[in-house]
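Me: I'd like to go through a model with you, starting with how a term is used and then moving on to particulars. Could you take a look?

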Amino acid sequence: MKRKAGRKKKKADRGKILICGIAGAAVVLLAVCVFWALSGGGKLNEIAGVSGEESVPEGSVPEEMRMSDGSVAGVMMQETVSAQEAEQFLKEMEGTQVKVEQQTLPEPSAETFREEEIQGYVKQTEKPARLTRDDIEIISVGNYSGIFVEDGSNDAVVDVASALVRNNSDEMLLAATFTFRVNDSETAEFVVSNLPAGTTALVQEKNRRTFSQSDVYVLEDDAYGMAENEQLQTDKFKVTGSDGMLTLENLTQQSYQKVYVYYKYVQQGGAFLGGVTFRTALEEIGPGETAAVEAGHFSEGISQVVMVEIAE
């Protein structure tokens, strides 16, 4: 599989980003409860740390997107929380749950994307910077209130700086970082991974920076890693998912020692929620066999598999 990467620096004209008043803590709580309900009653998990196993060939992403253990920024491995932690969460949620109807969210694509339908997001500035790649676009920057997904915590947040990033290329955006200088003295960084061609993601500032009325954002650096877009290996595997579980069927007569499945959250408006991608591994899959594995962040109807990778 052919992969390539590029990295350049570019400054953009300053533009003041104004903030509009939106719903406060009550709306945030509603958003958290709705997401909890949609995800099948709150399948919970915690981040065990970015996997130390190399999942992307050396040189396919810029060095600043590679963690100290060799893994790639924006991709996380998870493990299911204990029964005691889950029970404690349910106690805390008691009396605050909102009854919602189960729904199937539209699959992110150029045709289904509707910026105005993205819940919790308020656009403040359109096209805040021209990037060094013409086929990658920051549609707008604004503030988001709801759940913070970039670290896997799903914590309730208010007015977190967020960027709508669209991949207009015919390749997968394997990894990208966008670094802004804010008010000449601070930085804001957005990281997105595994964004398929023609799709958009609402990427939250990775350090939960609050979007302030006085902030002035200037693009300081952008870096990319691209890959051929066909990443689902549909000729080799069939992947299905349910709440907290992924199943992979080996359609070949070959054995595989380890296969990674990558998935992302989807949301209203035909876009992915967050730049983060979650990854789980299935091991020792024989010819024609079917294997299942816990996938703590996967929820039927609000998660989508975006890549399947054979570990070498």
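Reply: Before we start, exposed is used here for a residue with over 50% relative accessible area, buried for one under 20%, and partly exposed for anything in between. By that cut-off Arg130 is exposed, because its relative accessible area is 59%.

Me: Which residue does Arg130 form a salt bridge with, and how far apart are the closest N and O atoms?
Reply: The partner is Asp134, and the closest N and O atoms lie 3.7 Å apart. Asp134 also counts as exposed, because its relative accessibility is 65%.

Me: What should I know about confidence before going on?
Reply: The model is predicted, and across the chain the mean pLDDT is 76, with 67% of the residues at 70 or more. Confidence is lowest in strand 3, residues 45–47, where the mean is 26, and highest in strand 10, where it is 98.

Me: OK, to strand 10 then. Is Gln204 buried or exposed?
Reply: Gln204, which is found in strand 10 (residues 200–204), counts as buried because its relative accessibility is 1%.

Me: And what does the side chain of Gln204 reach?
Reply: It reaches the backbone oxygen of Ile147, at 2.9 Å. Setting aside neighbours within four places in sequence, the residues in contact with Gln204 include Tyr144, Phe148, Glu150, Ser162, Phe190 and Leu273.

Me: Back to salt bridges: how many does the structure hold?
Reply: There are 14 salt bridges in the structure. One of them joins Arg209 to Glu186, with the closest N and O atoms 2.6 Å apart. Arg209 sits in the loop between strand 10 and strand 11 (216–228), whereas Glu186 belongs to strand 9 (residues 186–195), so this pair ties together parts that are 23 residues apart in sequence.

Me: How do Arg209 and Glu186 come out for accessibility?
Reply: Arg209 counts as buried, because its relative accessibility is 14%, while Glu186 is partly exposed, with a relative accessible area of 37%. As for a network, salt bridges with shared partners join Lys127, Glu137 and Arg166 into one.

Me: And Asp184, which residue is its salt-bridge partner?
Reply: Asp184 pairs with Arg181, the closest N and O atoms being 3.5 Å apart. Asp184 is partly exposed at 47% relative accessible area, whereas Arg181 is buried at 17%.

Me: Changing topic, in what sense do strand 12 and strand 13 pair?
Reply: Strand 12 (residues 237–242) and strand 13 (residues 245–250) pair in the antiparallel sense over 6 bridges, and within that pairing the bridge partner of Thr240 is Thr247. The two strands form a hairpin with 2 residues between them, and Gly244 in the turn has a positive phi of about 75°.

Me: Last one: what does the chain come to as a whole?
Reply: Its secondary structure comes to 2 helices and 18 strands, and buried residues make up 51% of the 312 residues. Among contacts between residues at least 6 apart in sequence, 74% join residues at least 24 apart. The accessible surface comes to about 14,300 Å², with 47% of that belonging to carbon and sulfur atoms.

Methods. Residues numbered from 1 in each chain as written. Predicted model: local features only at pLDDT ≥ 70, side-chain atom pairs only at ≥ 80, totals over all residues. Heavy atoms only, no water. Pairing = 2+ DSSP bridges. Helix = DSSP H or I, 4+ residues; strand = E, 2+ residues; numbered from the N terminus. Buried < 20%, exposed > 50% of the residue type's maximum accessible area, 1.4 Å probe, protein only. Polar contact = N/O pair within 3.5 Å; in protein donor to acceptor, adjacent residues only side chain to side chain. Contact = heavy atoms within 4.5 Å. Areas by Shrake-Rupley, 256 points an atom, 1.4 Å probe, with all protein chains shown as cover. pLDDT = per-residue confidence, 0-100. Salt bridge = Lys/Arg side-chain N within 4 Å of Asp/Glu carboxyl O.
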